[in-house]
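Have a look at it first, and then go through the points one by one.

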Amino acid sequence: YNSSSSVSLLGTLLVLLLVYFISTSSFSSNADGKQPPGPKPLPVLGNLLQLDLKRPYNTLLKLSKKYGSVFTIYFGPKKVVVLAGYKTVKEALVNKADVFGERDPMKIAESSKGHGVLWSNGDSWKEMRRFALTNLRDYGMGKKACEDKIIEECQYLMEVFKTFKGEAFDTTQPMNYAVSNIICSLVYGSRFEYDNPEFTSMVDRTNRNIQLGGSPSIQVYNLFPWMGRWIADKSEFEKCSNLNKKQNMELFSRLKETLNPQMCRGFVDAFMVRKQTLEESGVTNSHFSNENLLITVLNLFAAGTDTTATTLRWALLLMAKYPKIQDQVQEEISRVIGTRQVQVEDRKNFPFTDAVIHETQRLANIVPMALPHKTSEDVTFQGHFIKKGTTVYPLLTSVLYDETEWEKPHSFHPAHFLDKDGKFVKRDAFMPFSAGRRICLGESLARMELFLFFTTLLQHFCFTPPPGVKEEDLDLTPRVGFTLNPSHHKLCAIPRL
Ligand code: HEM
């Protein structure tokens with residue numbers, strides 16, 4: 001067994017070496033014009049040895065200081081062009097949206113097979129994205145119905161917080177369940193109890209996979225798929241992903257049994273009705289397939305739960321770390337709404353709280369490299385030639401921490417979003433949802449959730465470090481993962497009202 005695997009290992013290395021020399025020969029021929037500069041790659045490994053695989057975005061940020069805002073780096077044998085800084089990322093994703101708007105699916109996302117919204121391209125992506133957007137809007141995304149669901153969910157979440165009676169606890173699970181329930185309402189048409197194992201296991205597995213997705217070993221797998229069978233994280237990832245698929249299919253069939261085309265309960269119903277209508281009118285090759293339904297729903301869960309819950313957890317952690325800022329938020333809440341329930345409409349009267357939420361998103365930088373894009377055609381960009389099909393990373397970290405855009409890029413400084421009179425100001429370089437054709441599909445939902453959850457929680461609780469832990473000891477170093485979560489920590493939620 002050992003010798004056969006080392007033979008295949010050697011064989012693969014040789015093939016990779018060959019691929020490398022072929023790819024670098026076109027690199028040196030320069031026939032296509034000047035490629036973006038970058039550190040010199042090694043055969044096969046590329047620049048892997050220079051990369052901090054736990055925090056690749058930090059390495060890329062450093063390299064952008066040396067090589068400029070458009071540079072080339074080799075992730076193993078894979079060539080990647082990195083875009084850095086607000087001006088460059090905007091010019092590419094917004095001004096040249098068509099060229100830079102395609103997705104480069106990662107190997108680990110392979111089981112999507114071009115379905116869904118996150119990892120797909122072309123007509124299927126276009127249809128699924130449009131359908132998801134209009135339907136989520138119909139089922140309340142950005143509207144009153146959704147606002148009410150979020151407000152209701154807040155009450156359940158606060159019940160959980162109260163059970164700890166001011167003692168320190170980990171906010172991760174309650175926050176994930178609460179946020180996930182908003183997606184459940186939009187997608188299935190109903191929420192779940194926090195002790196329903198069908199629900200909790202699905203949320204826990206989704207979160208585990210997002211964490212695994214950013215682990216160094218999965219990144220190695222993405223670059224060298226032949227190593228897959230030795231990578232334990234990959235098996236675990238697939239196991240979680242398959243169980244979630246199975247569970248969703250069960251949920252779908254229950255919804256199908258009770259489907260009423262006149263009264264769709266959520267996204268899944270609407271999808272099934274559209275599919276039936278198309279089939280009845282004889283359309284057989286539409287994109288409304290069972291695969292697209294399944295993968296789109298999984299995508300909405302994966303993209304919509306961890307991101308928002310993580311941002312809220314950063315916000316609470318930052319409040320515990322900076323109690324003076326927490327006081328100012330609470331002062332604003334008392335002054336503007338007192339003890340009544342907050343509404344989205346109130347946001348315009350909450351400049352300071354709004355600035356704190358924006359600054360949290362900026363500093364937390366939870367999707368540091370967006371998701372990989374690729375070029376849809378050959379392009380000359382800022383004087384550099386980039387070939388069709390090249391992987392492109394819009395380095396969102398470099399936009400959110402752009403030293404030419406932000407007064408204090410590395411500090412928590414809500415004044416970034418306030419003018420001298422204390423009014424809220426938008427900032428161009430605020431780009432946590434990315435930009436252009438692939439901009440986050442859930443932005444309006446996420447913004448509504450962040451405002452309502454955060455304001456309601458701060459209205460009812462004061463967040464502090466556990467007894468014996470000083471504010472300055474609260475660690476802001478993110479944990480390794482596909483999205484950047486706070487490191488493990490506990491907080492106390494002291495009731496205020
Ligand atoms: C604070 C919360 C959130 C943040 C920071 C965030 C951020 C992002 C980012 C950076 C991307 C990648 C854009 C790119 O490739 O350039 C993205 C894509 C996406 N997000 Fe979000 N997101 C959040 C919440 C949500 C929610 C609540 C949903 C679900 C409704 C959602 C659904 C999606 C989907 C489906 C995509 C893929 C879009 C595509 O490829 O066309 N996100 N998000």
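1. Overall size. The radius of gyration used here is taken over C-alpha atoms, and the globule rule is 2.2 Å times the number of residues to the power 0.38. For 497 residues that rule puts a compact globule near 23 Å, and the protein, at 24 Å, agrees with it. The C-alpha trace spans about 70 × 60 × 50 Å along its principal axes.

2. What kind of model this is. You are looking at a predicted model, in which local features need pLDDT of at least 70 and side-chain atom pairs count only at pLDDT 80 or more, while totals for chains, interfaces and linings use all residues. Residues are numbered from 1 along each chain as its sequence is written.

3. The predictor's confidence in each residue, pLDDT, runs from 0 to 100. The protein averages 90, and 93% of the residues score at least 70. Which helix has the lowest confidence, and which the highest? Helix α1 (residues 2-29) is lowest, with a mean of 60, and helix α15 (residues 351-364) is highest, at 98. Over residues 25-31 the pLDDT is below 50, and this stretch has 1 contact in the model beyond near neighbours in sequence; a contact means that the C-beta atoms of two residues, placed from the backbone, lie within 7 Å.

4. Secondary structure and packing. The protein has 17 helices and 9 strands, where helices (H or I, at least four residues) and strands (E, at least two) are DSSP runs numbered from the N terminus. Of the contacts with a separation of 6 or more, 74% join residues 24 or more positions apart. Buried residues make up 44% of the 497; a residue is buried if 20 or more other C-beta atoms lie within 10 Å of its own, exposed if 12 or fewer, and partly exposed in between, with C-beta atoms placed from the backbone.

5. The ligand's surroundings. How many residues surround the ligand? There are 25, and the closest are A303, G304, S434, C440 and G442; a residue counts as near if its C-beta atom, placed from the backbone, lies within 6 Å of the molecule. Two or more residues of this shell come from each of α12 (290-304), α13 (306-321) and α17 (443-460). α12 gives the most, with 4 residues. By type, the shell divides into 15 nonpolar, 7 polar and 3 charged residues. Here Ala, Val, Leu, Ile, Met, Phe, Trp, Tyr, Cys and Pro count as nonpolar, Asp, Glu, Lys and Arg as charged, and the others, Gly among them, as polar.

6. C440, a residue to look up. UniProt, in an unreviewed entry, places the feature "binding site" at C440. UniProt positions are given in the numbering used here, feature names are shortened, and annotations may be inferred rather than shown by experiment. C440 is found in the loop between α16 (396-400) and α17. Is C440 buried or partly exposed? C440 counts as partly exposed because it has 18 C-beta neighbours inside 10 Å. Leaving aside neighbours within four places in sequence, C440 is in contact with F433 and S434.

7. Two positive phi angles. S434 is in the loop between α16 and α17, and has a positive phi of about 65° although it is not a glycine. With 19 other C-beta atoms within 10 Å, S434 is partly exposed. Q382, in the loop between β5 (379-381) and β6 (384-386), is not a glycine either and has a positive phi of about 45°. Q382 counts as partly exposed, with 14 C-beta neighbours inside 10 Å.

8. L318 belongs to helix α13 and is buried, because 22 other C-beta atoms lie within 10 Å. Not counting residues up to four places away in sequence, L318 touches T360 and F412. The C-alpha atoms of L318 and T360 are separated by 7.7 Å, although the two are 42 residues apart along the chain. D354 sits in helix α15 and is buried, with 22 other C-beta atoms within 10 Å. Its contacts, leaving aside neighbours within four places in sequence, include R347 and F424.
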